[in-house]
Amino acid sequence: MSLRFDEVDGRRIATFGTGPRVIIAVHGISASLMAWAAVGRRLPEGWSLVAMDLRGRGHSASLPGPYGLPRHAEDVLRVADHVGAGPDAVLTGHSMGAYVAALAGARRAFARVVLVDGGLPLPLPEGADPDAALAATLGPALERLSRTFPSAEAYVDFWKAHPAFAARQWNADVEAYVRYDLTGPEGALRSRAVGEAVMEDGRWMWLEPEAIAAALTSITAPLRLLRAPRGLLDQTPGLLPDDLARPWAERLPGLRDEVVPGCNHYTILFDERCVATVVDRLTSDAA
């Protein structure tokens, strides 16, 4: 696999592959561009995938706020312009990145927009605290942002015990993703993700369902939703259960809704069989 890194106004970007057809890919709320490495490595000939570390994450962690999904959408479109992604480019996002992709996809033409286990407004019960809802949803992924780890191996072990991976095959793609996230001195290693960025983005996602809905209805490109049947903690139902997705499939006639069997919110981008489905839906013009 060809992989090269670049920087756009302080944002780290990575390009997987060398093909002329481009996929712009956006990662989740506390993730990094390495969430897309398994997809990038399996692209067919003629394709390339450009992923970026969003501000407050990965090697773009030092970029300042304000955060919020509209700011990330601006960054995504800036990267797309930088790499010369034209109207034949594909836009995709996973988890929170799917919401960012929806906002970006409403603002310019793409060949298609593929939302991977995200992108649909999430119902926040009346009177509920969005920070508490975020903590309950993310679980250990959020907990790690306030911790330090004595070694890289300790951080890997922390992730190996995560419910999303504990009962699943641990592979080189997951380990590379986890190790990329580390920074700091030996003995006090920590995640690169900035807690303030994660919380601010999480609040926006819970509190702005109308803005998300408006973006979804404004997308003119073919729109596809790929859902995992299990959630962030490997629980059922997943983040986007049938009763949440069905009304949107009815509301948006151009939305193609598909459940990718045998995966959870994380492994949809890491499990080899699930990744094969994601790659096919990203690169098949008939999809």
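**Helix packing and buried sites in the predicted model**

Leu223 is buried, with a relative accessible area of 7%, a value under the 20% limit for burial. The model is a predicted one. Leu223 belongs to strand S9, which covers residues 223-227. Not counting residues up to four places away in sequence, Leu223 touches Val113, Leu115, Leu216, Leu252, Gly254, Leu255 and Arg256. Between the C-alpha atoms of Leu223 and Ala136, which are 87 residues apart along the chain, the separation is 29 Å.

Ser32 is located in the loop that runs between strand S3 (21-26) and helix H1 (37-41). Its contacts, leaving aside neighbours within four places in sequence, are with His27, Asp53, Gly58, Tyr177 and Tyr180.

Helix H9 comprises 13 residues, 195-207. At 1.5 Å a residue, H9 should span 18 Å, and this agrees with the 18 Å between its end C-alpha atoms. The buried residues of H9 are Ala197, Val198, Met199, Asp201, Gly202, Trp204, Met205 and Trp206. The elements covering these buried residues include helices H2 (69-82), H3 (96-105), H4 (130-138), H5 (140-143) and H10 (209-218).

H4 and H9 pack at an angle of about 105 degrees, and their axes are 9 Å apart. Since angles of 65 to 115 degrees count as roughly perpendicular, H4 and H9 are assigned to that class. On the H4 side the contact is made by Pro130, Asp131, Ala133, Leu134, Thr137 and Leu138, and on the H9 side by Val198, Met199, Gly202, Arg203, Trp206 and Leu207. By class, the contact of H4 with H9 has eight nonpolar, two polar and two charged residues. Of the H9 residues in this contact, Val198, Met199, Gly202 and Trp206 are among those that are buried.

For H2 and H3, the packing angle is about 70 degrees, with 8 Å between the axes. H2 and H3 are therefore also roughly perpendicular to each other, and H2 passes H3 in a right-handed crossing. H2 contributes Leu69, Pro70, His72, Ala73, Val76 and Leu77 to the contact, while H3 contributes Met96, Tyr99, Val100, Leu103 and Ala104. The contact of H2 with H3 has ten nonpolar residues, one polar residue and no charged residues. H2 and H3 are also among the helices that cover the buried residues of H9.

Key
Residues are numbered from 1 along each chain as its sequence is written. This is a predicted model: local features need pLDDT of at least 70, side-chain atom pairs count only at pLDDT 80 or more; totals for chains, interfaces and linings use all residues. Side-chain values use heavy atoms; hydrogens and water are left out. Helices (H or I, at least four residues) and strands (E, at least two) are DSSP runs, numbered from the N terminus. The expected span of a helix is 1.5 Å times one less than its number of residues. Buried means under 20% relative accessible area, exposed over 50%, partly exposed in between (1.4 Å probe, protein chains only). Contact means heavy atoms within 4.5 Å. Axes are lines fitted to C-alpha atoms, for helices over the stretch in contact, and angles run from 0 to 180 degrees between N-to-C directions. Angles under 35 degrees count as roughly parallel, over 145 as roughly antiparallel, 65 to 115 as roughly perpendicular and the rest as oblique. A crossing is left-handed if the near helix is turned anticlockwise from the far one by less than a right angle, and right-handed if clockwise. Ala, Val, Leu, Ile, Met, Phe, Trp, Tyr, Cys and Pro count as nonpolar, Asp, Glu, Lys and Arg as charged, and the others, Gly among them, as polar.
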